[in-house]
Amino acid sequence: MSIAFHGIGLDAEGRCTHYHQASDVVALKCAQCGRYYACYQCHDALEHHRFVATGPDEPVPTLCCACNTALGHEQYSQGACPVCGHEFNPRCALHMDIYFTGR
């Protein structure tokens with residue numbers, strides 16, 4: 001079963017209008033609506049609420065859109081998908097406080 005991910009101007013691997021480097025293949029889960037979005041900007045433009053960061057109790061806060069695998073924070077933090085090996089954008093660390101709480 002495929003996990004849906006959302007955003008503006010998405011390609012097949014989850015790159016959006018805002019983030020479209022080769023390594024921008026991770027979608028983040030909003031704690032309020034439970035949907036995976038390419039970025040908080042896409043979320044805020046498409047939902048009726050602001051993006052809410054997931055806490056440490058969320059088992060799968062990220063999604064590798066290259067292979068559609070839900071990942072735990074530890075797996076995501078390794079910098080590449082443990083299933084398909086696709087590298088993640090290391091600059092996403094600049095937004096950790098937006099996407100995750102209590103880390």
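The legends below describe close-up views of a predicted model.

**View 1. Phenylalanine 51 and tyrosine 99 form an aromatic pair.**
Phenylalanine 51 sits in the loop between α1 (40–46) and β4 (62–64), whereas tyrosine 99 belongs to helix α3 (residues 96–99), so the pair ties together parts that are 48 residues apart in sequence. Both phenylalanine 51 and tyrosine 99 are buried. Ring pairs also bring in Tyr40, which is linked with Phe51 and Tyr99 into a cluster.

**View 2. Tyrosine 76 and phenylalanine 100 form a tilted pair.**
Tyrosine 76 and phenylalanine 100 are both buried.

**View 3. The largest nonpolar core has 17 residues.**
Within this core, the residues with the most contacts are Leu28, Phe88 and Tyr99. When residues up to four places away in sequence are not counted, tyrosine 99 touches Leu28, Cys39, Tyr40, Phe51, Ala53 and Thr54. Another core, of 5 residues, lies apart from the largest one, and its members include Phe5, Ala27, Leu63 and Cys65. As a general background to such views, nonpolar side chains tend to be buried together in soluble globular proteins.

**View 4. Five strands make up an open sheet, in the order β1-β3-β2-β4-β5.**
The pairing in this sheet is mixed, and its edge strands are β1 (5–6) and β5 (69–71), each of which pairs on one side only. Strands β4 and β5 pair in the antiparallel sense over 3 bridges, and leucine 63 has alanine 70, in β5, as its bridge partner.

**View 5. Serine 23 lies in the loop between β1 and β2 (26–29).**
The relative accessibility of serine 23 is 19%, which is under the 20% limit, so this residue counts as buried. Leaving aside its neighbours within four places in sequence, serine 23 is in contact with His86, Glu87, Phe88 and Asn89. One of these contacts, Phe88, is also among the residues with the most contacts inside the largest nonpolar core.

**View 6. Asp11, Glu13 and Arg15 are linked in a network of salt bridges.**
The structure holds 5 salt bridges, including one between arginine 15 and aspartate 11, whose closest N and O atoms are 2.8 Å apart. Arginine 15 also meets glutamate 13 in a salt bridge, with 2.7 Å from N to O. Arginine 15 is buried, with a relative accessible area of 13%, while aspartate 11 is partly exposed at 32% and glutamate 13 is partly exposed at 27%.

**View 7. Arginine 50 and aspartate 44 meet in a salt bridge.**
The side chains of arginine 50 and aspartate 44 come to 3.6 Å, N to O, in this salt bridge. Arginine 50 has a relative accessibility of 63% and counts as exposed, whereas aspartate 44, at 22%, counts as partly exposed.

Conventions:
Residues are numbered from 1 along each chain as its sequence is written. This is a predicted model: local features need pLDDT of at least 70, side-chain atom pairs count only at pLDDT 80 or more; totals for chains, interfaces and linings use all residues. Side-chain values use heavy atoms; hydrogens and water are left out. Rings of Phe, Tyr and Trp (its six-membered ring) pair if their centres lie within 6.5 Å; planes under 30 degrees apart count as stacked, over 60 as edge-to-face and the rest as tilted. Helices (H or I, at least four residues) and strands (E, at least two) are DSSP runs, numbered from the N terminus. Buried means under 20% relative accessible area, exposed over 50%, partly exposed in between (1.4 Å probe, protein chains only). A nonpolar core is a set of buried Ala, Val, Leu, Ile, Met, Phe, Trp, Tyr and Cys residues joined through side-chain atoms within 4.5 Å. Contact means heavy atoms within 4.5 Å. Two strands pair if DSSP finds at least two bridges between them. A salt bridge is a side-chain nitrogen of Lys or Arg within 4 Å of a carboxyl oxygen of Asp or Glu.
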